[in-house]
Amino acid sequence: MERFEIKMPKLGESITEGTIIQWNVKPGDRVKEDDVLFEVSTAKVSAEIPSPVEGTIVEILFQEGAVVPVGVVVAIVDLAGENIVTEIHTDNEARERESEKNEEDEVIPVTDTPVLNENREERWYSPVVLRLAAEAGLPQEELASIPGTGYEGRLSKKDIERYIGQKNKKEMPVAGVSHKTVEVSSEQVQQKKTEQKISSPVVETVSGHEDGVEIREMDYVRRLIADHMVLSKKTSPHVTTIVEADVTNLVRWRERVKDDFFRREGVRLTFMAPIVEATAKALVDFPMVNASVNGYQILLKKHVNVGVAVAMDNGNLIVPVIKNANQLNVKGLALAVDSLATKARSNRLSPDDIQGGTFTITNFGTFKNIIGTPIINQPEVAILGVGHIEKKPAVLETPDGDVIAIRHKMYLSLSYDHRIIDGSLGGAFVRRIADYLENWKE
């Protein structure tokens, strides 16, 4: 019997695991190539995973709701089609419980100098780990020092529970220090609690019977987005700079060509296509913005891959990526933007559609917002916010003197990582985008 292993795919940069939301097949089912096997959700995307082969499902190794590391086998397909079926493994939890039992008496050494994860900026924590850390009042520095036993050193629920349990003991063994009991006064306890509240996120428990309060749990994707946004603010010192662009030439050009473009290409010509083109050109002009940070290293990206944030019908957000955007013209960019947005809203994005981004654009102008301060999409180092285009009176210089005219204006706001981008670079970059749009001559 020739078998093929279905593995958990990598659905984005820095993604190390995915959660199986739903299986569309069961052991014994016959599948064809490209039939959807299961739906997986990660910090960046929810995606349907198709079968790369034709055959019979022999074995499903993880149940719905399981969190599976990237590259781990989740199912086995018999290519010959023999009807040999193995039910879903149910002993995984038993083995985990046995492993936890064997490790219950292990001591986590605490030293004066904690051992930090070498890739601390890239370390990812699951929602349950962040919740337990917040409840225990662990600051980010302490959380980063806890050794993990999960995939690629990831901190698991078991790791943090064991750490918190040992930390709460009255006698805690310290490397090189003899055991001793420390008496703590009630005033010291209260002071410690106050410090923990200041240094850690506040998790408030609300009674469901409290008048005027509706409790609504975040869905899985929203929780991951929340964690990703908090991580970004903790990782990058954010600075935002804003310019106002006179896009009258661009507006007039679009009005002139949009109907013919729709008849010819079958898609609407939005302002996003020229905005992406101007941004891609500016990224070529300023390569330091098309980068990421690894410790004290600056990683300059050779490809200009622009992500465009798309608002979903369920209120969540996803960022499909236009690869090599600097090599596409307005027509190619318009088709790419329309295709990716349609696939995103119908939950048909492939893993490749959301990987490899080097810069992100978010368009809050769609909602008639004029200015915003967006949060950087890690591990990128900058993000462009596009405001609503509106008519304004403006002073124009003419050979006959200054005149007041009605012009189309918009704000562009750039949030950038101050670790590698200073004000002069950030300001020059966003000004260059505005210059390209103001001098539009397509």
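Strands here are DSSP runs of E with at least two residues, numbered from the N terminus. With that in hand, let's walk through this predicted model.

**Stop 1: the whole chain.** Show everything as a cartoon. You are looking at 10 helices and 19 strands. Of the 442 residues in the chain, 42% count as buried. Switch to a surface view, and the accessible area comes to about 24,500 Å², with 50% of it belonging to carbon and sulfur atoms.

**Stop 2: the core.** Next, select Phe38, Val74 and Leu412. In the largest nonpolar core, which has 84 residues, these three touch the most other members. Keep Phe38 selected and look around it. Beyond its neighbours within four places in sequence, Phe38 is in contact with several residues, including Ile6, Met8, Trp23, Ile49 and Val74. Another core, of 10 residues, lies apart from the largest one; Ala133, Leu138, Ile146 and Ile164 are among its members.

**Stop 3: an open sheet.** Now find the 4 strands in the order β1-β8-β6-β3, which pair in antiparallel fashion. Strands of a sheet are held to one another by backbone hydrogen bonds. Which strands stand at the edges? They are β1 (3–7) and β3 (30–31); each has a single partner strand, so one side of each is left without a neighbour in the sheet. Zoom in on β1 and β8 (residues 73–78): 5 bridges join this antiparallel pair. To see one of the pairings, select phenylalanine 4, whose bridge partner in β8 is valine 77.

**Stop 4: Asp34.** Most residues other than glycine have a negative phi. Aspartate 34, however, has a positive phi, near 80°. Is this residue buried or exposed? Aspartate 34 has a relative accessible area of 55%, and the cut-off for exposed is over 50%, so it counts as exposed.

**Stop 5: one loop, two things to see.** Finally, go to the loop between β16 and β17, where you will find lysine 368. Lysine 368 is not a glycine, yet its phi is positive, about 60°. At 64% relative accessibility, lysine 368 is exposed. Proline 379 also lies between β16 (359–363) and β17 (382–386). Most peptide bonds are trans. What is the peptide bond from glutamine 378 to proline 379? That bond is cis, with omega near 5°.

Note on methods:
Residues numbered from 1 in each chain as written. Predicted model: local features only at pLDDT ≥ 70, side-chain atom pairs only at ≥ 80, totals over all residues. Heavy atoms only, no water. Core = buried A, V, L, I, M, F, W, Y, C linked by side-chain atoms within 4.5 Å. Buried < 20%, exposed > 50% of the residue type's maximum accessible area, 1.4 Å probe, protein only. Contact = heavy atoms within 4.5 Å. Pairing = 2+ DSSP bridges. Areas by Shrake-Rupley, 256 points an atom, 1.4 Å probe, with all protein chains shown as cover.
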